[in-house]
Structures are given as structure tokens and as C-alpha cells.
Amino acid sequence: MVLTLDLGREILRDLRAAPSGDLAAVLGAVPGTGGPMTSGPAPDGVPAMIGLGPSGLGTSAARAFRPVPARPDGPHLRCPGPLRDDPALGERVNEAVVRWAEGIGIYPGRLDTLRSANFGRFMMLAHPATSDPDRLLAATKCLVAEWAADDYYVDEVSLGADPMVVGSRLANLHAVVDPVSMVPRYLADYRDHHRLLPISRAFRSAMEHFAEYASVAQLGRFQHQMAILFLAWTQEADWHANRRTPPVWEYLVQRHLNSYLPPMILIDVLGGYELPADEFYHPRVRRAFTTAANAAVLINDLYSGKNESENDHNLPTVLAANEGLGHRAAVLRTVEIHNELMDDFVRLAGSLSVTGSPQLRRFLADTWAWLGGSREWHATSGRYHDSQEEKS
């Protein structure tokens with residue numbers, strides 16, 4: 001018998017009704033073509049692992065999409081499983097990032113906990129387009145730097161988090177992410193300040209590695225997304241400082257800003273290609289991409305809630321507080337919202353693929369694959385999963 005407290009985790013782990021990790025298969029057969037879509041050649045310089053050619057993709061495919069029907073025995077997530085699971089590659093990247101973290105000075109005395117989180121496995125699962133351990137390591141360093149900033153500055157009091165100074169800390173950190181033009185008279189003070197902070201060292205080191213693979217525009221995307229993320233964390237700090245539970249709409253705004261976009265914007269960098277800026281920032285593409293990222297972060301809400309303190313917020317607890325729902329009903333409502341977002345992404349992807357570039361078609365398919373890898377990581381990561389806990 002599944003415990004109500006673990007309902008979100010059980011739904012996440014159950015892949016029996018999961019759609020395919022291949023977006024072309026999800027979009028399905030286009031009426032009148034006599035069969036499923038076929039993949040065209042990959043763009044120059046793009047690995048051909050996840051192809052989405054222009055043939056058959058578009059509004060017809062979007063109309064042809066039908067969500068997988070719910071199982072009769074319970075709710076399900078409309079989210080794929082992973083396209084690739086290479087445990088040896090994930091472990092190699094994970095051990096490398098733990099050594100890096102030790103050298104940088106983050107999580108001293110907690111490296112075993114960092115290791116068990118298995119962030120290297122996360123990036124291996126989320127980016128099946130590459131098997132290059134160094135490229136995956138660059139992404140994992142960025143991910144760990146972001147997670148560490150959240151722990152040190154926002155969430156973990158034992159690591160020094162204090163809601164009263166979150167804004168100042170994050171503003172100063174962003175001066176590392178997007179380097180400040182400091183006048184010479186105060187440059188030494190600025191450098192001395194950040195030299196003592198492990199989070200500043202982590203971001204500087206991670207971005208230097210990331211820049212080896214990213215274009216100037218792709219690096220600029222990262223800097224822009226960090227500013228959005230830091231803004232969201234200051235909003236969260238406001239809730240903590242004022243002991244306030246936000247209304248549902250405000251929580252969803254915060255989750256839009258504090259979604260999984262920061263690691264997801266590395267998708268084309270890890271794939272070895274670049275989505276042109278005029279497509280990446282196009283409002284319709286931005287809507288599709290943010291919709292996917294918003295859905296992805298709700299999986300985190302479903303899975304991490306059991307590990308959070310009573311002062312933390314996730315969508316089930318916010319729904320319960322605002323709408324008087326019991327825990328089970330709040331979890332099921334969260335699943336419904338997640339599935340609505342996933343349906344929207346698939347329809348938007350089908351529509352965009354008919355008019356977009358080959359790089360955009362590839363980017364949308366890789367985004368879908370990222371979602372599947374993220375789901376698998378949440379179901380297996382030591383950050384949220386206790387191997388001794390009861391599963392039934």
C-alpha cells in the first residue's frame with residue numbers, strides 16, 4: 001500500500017505510462033503520410049542521435065498529438081523516461097565534479113553527500129547528445145555552483161543562509177557571473193571579498209570551463225538566466241523573512257523565474273551546436289522552452305517535498321495552504337498542472353518545428369530528452385532518495 005506522504009514519489013517513479021523519449025515518436029504519425037514521421041539529416045556539426053527532420057512536423061503533428069491516456073489504477077506524469085543511461089559515464093563525471101568541489105572549497109565535510117546527489121549522472125541522463133566527459137563536466141560544474149549558491153545563501157542555515165542578506169549576497173555574486181567594471185581604487189577590495197567566498201570561486205571556475213565550449217551568445221544567455229534566478233531567490237527570501245505563504249499564482253511566478261532553465265540553456269552547448277539568438281529569444285520559442293522548464297521544476301516539487309523543512313514552499317504545500325486541499329489532493333493537482341504544461345510544450349514544439357531552423361527542431365527534441373533525463377535523476381538521486389525508505 002502506497003503511503004500518502006510518498007504519493008508524489010511513487011507517481012514519479014512509475015514509468016509504465018511514460019511517453020517516448022523521442023519527440024518525433026510523441027508527435028506521432030501525421031494524417032495522410034501513411035506512417036510515422038521520418039528524421040531528416042542533422043544540421044552541419046550536430047550529432048545525429050536525436051533527429052527531427054522537417055518532414056511531417058508542424059501544426060498537423062501538433063493536432064495529431066494525443067496525450068497517453070491515464071492508467072485505470074491511478075494518476076501518471078506525462079513525462080518521458082531517459083533516452084540514455086550510461087552509469088559508467090555518469091560516475092566518471094560525478095567523481096570529477098566532487099574532486100573539483102573539494103578543490104574549490106564548497107561543501108567541506110559534506111562531499112559524500114554531494115557525491116550521493118550524483119549530479120554527474122544528472123547531466124549524463126539529461127544530455128544524451130554527447131558522451132564527452134569533459135563537456136558534461138563543464139555543465140555539471142555550473143549545476144553544482146547553482147545548487148551550492150541556493151544551499152549556502154537561501155536554504156541551509158547550517159551553511160550560513162540568512163534571508164535578511166540574500167539580496168546583497170546574490171547581487172555581489174552576480175558581479176562575478178557578469179564581471180563588474182570596478183574602478184582601480186577599489187578593485188583589490190572587490191577581489192579580496194570574492195577570493196574568500198567558495199561560491200564565488202565555484203561560479204568563476206565553472207564559467208571558465210563552460211566558456212571553452214560556449215559561444216559568446218551562449219555565455220551571455222547563461223549570465224542573463226543567472227540574473228533571473230537570483231531575482232527569484234530574493235523573492236523566496238522575502239517569503240521566509242516575513243513568514244508568508246504566497247498565493248498559488250505568485251508561487252507559480254516564482255517557479256517560472258526559479259525553474260530549470262539555468263541548466264537547460266546549456267542544451268545546445270552540450271549538443272555541439274548553437275540555436276541562433278533570433279530563434280532562442282523569439283517569443284514563441286521562449287514560451288515553449290520556459291513551459292518545459294516550468295514543468296520540469298514541478299517534478300522537483302513532487303519529489304523534494306519530503307526532504308524540505310516546514311518553512312520551505314513547494315506547489316503541493318502552497319495549494320494545501322491556499323485552497324484547503326489535503327496532501328493527496330494537492331499532489332494530484334500538482335500532477336495535473338505539470339501535465340497541462342507538458343501538453344502545451346508538445347503542441348508548441350509541433351507548431352514551431354514546421355517553420356523553424358534545423359537547429360530549432362534539434363533543440364526542441366533535445367529539450368524533450370532533457371526532461372526525461374531529469375525525471376530519472378529525481379527518482380534515483382541520493383539528494384532526495386533514501387535507499388532504506390519504505391517504497392510500499
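Modeller: Pro 246 is buried, because its relative accessible area is 0% and buried means under 20% (exposed is over 50%, partly exposed in between, with a 1.4 Å probe and protein chains only). The model is predicted, so local features need pLDDT of at least 70 and side-chain atom pairs pLDDT 80 or more, whereas totals for chains, interfaces and linings use all residues. Residues are numbered from 1 along each chain as its sequence is written, and side-chain values use heavy atoms, without hydrogens or water.

Pro 246 lies in the loop between helices α11 and α12 (248-257); helices are DSSP runs of H or I with at least four residues, and strands are E runs of at least two, numbered from the N terminus. Leaving aside residues up to four places away in sequence, Pro 246 touches Trp 239, Tyr 251, His 313, Val 318 and Asn 322, contact being heavy atoms within 4.5 Å. Glu 236 is 10 residues from Pro 246 along the chain, and their C-alpha atoms are 9.4 Å apart. Arg 243, which follows α11, has a positive phi near 50 degrees.

Helix α11 (residues 216-241) packs against α8 (residues 166-177) at about 175 degrees, with the axes 9 Å apart. Consequently, α8 is roughly antiparallel to α11. Axes are lines fitted to C-alpha atoms over the stretch in contact, angles run from 0 to 180 degrees between N-to-C directions, and roughly antiparallel means over 145 degrees (under 35 is roughly parallel, 65 to 115 roughly perpendicular, the rest oblique). On the α8 side the contact includes Leu 170, Leu 173 and His 174; on the α11 side, Met 226, Phe 230 and Trp 233 are among the residues involved. Of the residues in this contact, 10 are nonpolar, four polar and none charged. Here Ala, Val, Leu, Ile, Met, Phe, Trp, Tyr, Cys and Pro count as nonpolar, Asp, Glu, Lys and Arg as charged, and the others, Gly among them, as polar.

Of its 392 residues, 55% are buried. Among contacts with a separation of 6 or more, 78% join residues 24 or more positions apart.
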